[in-house]
Amino acid sequence: MSRAATDAAAAREAFAAWVEEAGEGGRVFGQVLVRAPEPGLFSLRHVEEAGASGLKLHEDPREAREISKTTEGGEYRPLKSSPNLRRGWELRVSGAGDLLVAMNYLYPAGVVHWHLHREGRLEVTSYRENAARQSGIYKRVQRLSDGGVQDTARACCEDAVCLKKTLWDVDEDTPLGMDRGDGEVPCPEPCSVFVSLARRVRLFEREKKRDLDAIGLSPSEKEDLAALVEAAATGHVEFAREAEFEKPLNERRMRYRRLTLAPKLRPGA
Ligand code: SF4
């Protein structure tokens, strides 16, 4: 058996045991409440529906794939650890193997990472190591400043937008200065959504070096402000999709602006 297969088997058993040991209350993993009503039987549902009745019952662990795919509004979820898991379902599965299948759809690789992290064996990759491996249009993330990495992490990885616990740092000497989260699902390496936002932030950094107007605003900052005014004036703010960082009204892009643009507009506030 390969090392990965051995780790997956051990993670499967450890996770099932962890849930069974918890008793009636179960365990929370991301936004999923997992309970074992009897040994070897597992019930999964959205954590905010712990006592709900009338949920749609599923018994095939592979149905977790559809559950995790879209938000309640029907929007595709590019990042399964975003706190936008839909409600209204219950999944009942038997055996640690089916439990792992379901959890892997809900939080891909989450259980194996959880297990390796508990054992102190999870390999963590820093931002700089990850960036060094990027190529093509993502190669430019190698030039993102340390401050840019920090702001991108605060905008992209805090619990308000991602429930994973961020374990990686900028590099081995530069820790991330953010709230890393309290959840059970570890994040050992910047994900593709993060790298995509980092690429956009690098574009913003370049713009700031050459295109500032008389009051110190860059073209994209003005574009974002205009889009916000327009949306507020119509009384209808339609946010961009989760990973559409090229659009002004993207939540993570706005979180980045809160860190970098808001202080410029209200100095001393
Ligand atoms: S890099 Fe950030 S956004 Fe991506 S999974 Fe990790 S914590 Fe979440």
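Visitor: Which elements do the buried residues of H4 pack against?
Guide: This is a predicted model, in which local features need pLDDT of at least 70 and side-chain atom pairs count only at pLDDT 80 or more, while totals for chains, interfaces and linings use all residues. Residues are numbered from 1 along each chain as its sequence is written. Helices (DSSP H or I, at least four residues) and strands (E, at least two) are numbered from the N terminus, and two residues are in contact if their C-beta atoms, placed from the backbone, lie within 7 Å. The buried residues of H4 pack against helix H1 (3–21), strand S1 (27–29), helix H3 (96–106) and strand S7 (186–187).

Visitor: Which residues of helix H4 are buried?
Guide: A residue is buried if 20 or more other C-beta atoms, placed from the backbone, lie within 10 Å of its own, exposed if 12 or fewer, and partly exposed in between. In H4, which covers residues 110–118, the buried residues are Gly110, Val111, Val112, His113, Trp114 and His115.

Visitor: What sense of pairing do S3 and S5 have, and what sense do S4 and S5 have?
Guide: Two strands pair if DSSP finds at least two bridges between them. Strands S3 (41–46) and S5 (89–94) share five bridges, and Phe42 has Val93 in S5 as its bridge partner. Strand S4 (56–58) and S5 share three bridges, and His58 stands opposite Leu91 in S5. The sense is antiparallel for S3 with S5, and for S4 with S5 it is parallel.

Visitor: How many nonpolar, polar and charged residues are in the shell around the ligand?
Guide: The surrounding residues include Cys156, Cys157, Lys164 and Phe194; helices H6 (146–157) and H7 (192–210) each give two or more residues to the shell. Ala, Val, Leu, Ile, Met, Phe, Trp, Tyr, Cys and Pro count as nonpolar, Asp, Glu, Lys and Arg as charged, and the others, Gly among them, as polar. The shell has eight nonpolar, two polar and one charged.

Conventions: Near = placed C-beta within 6 Å.
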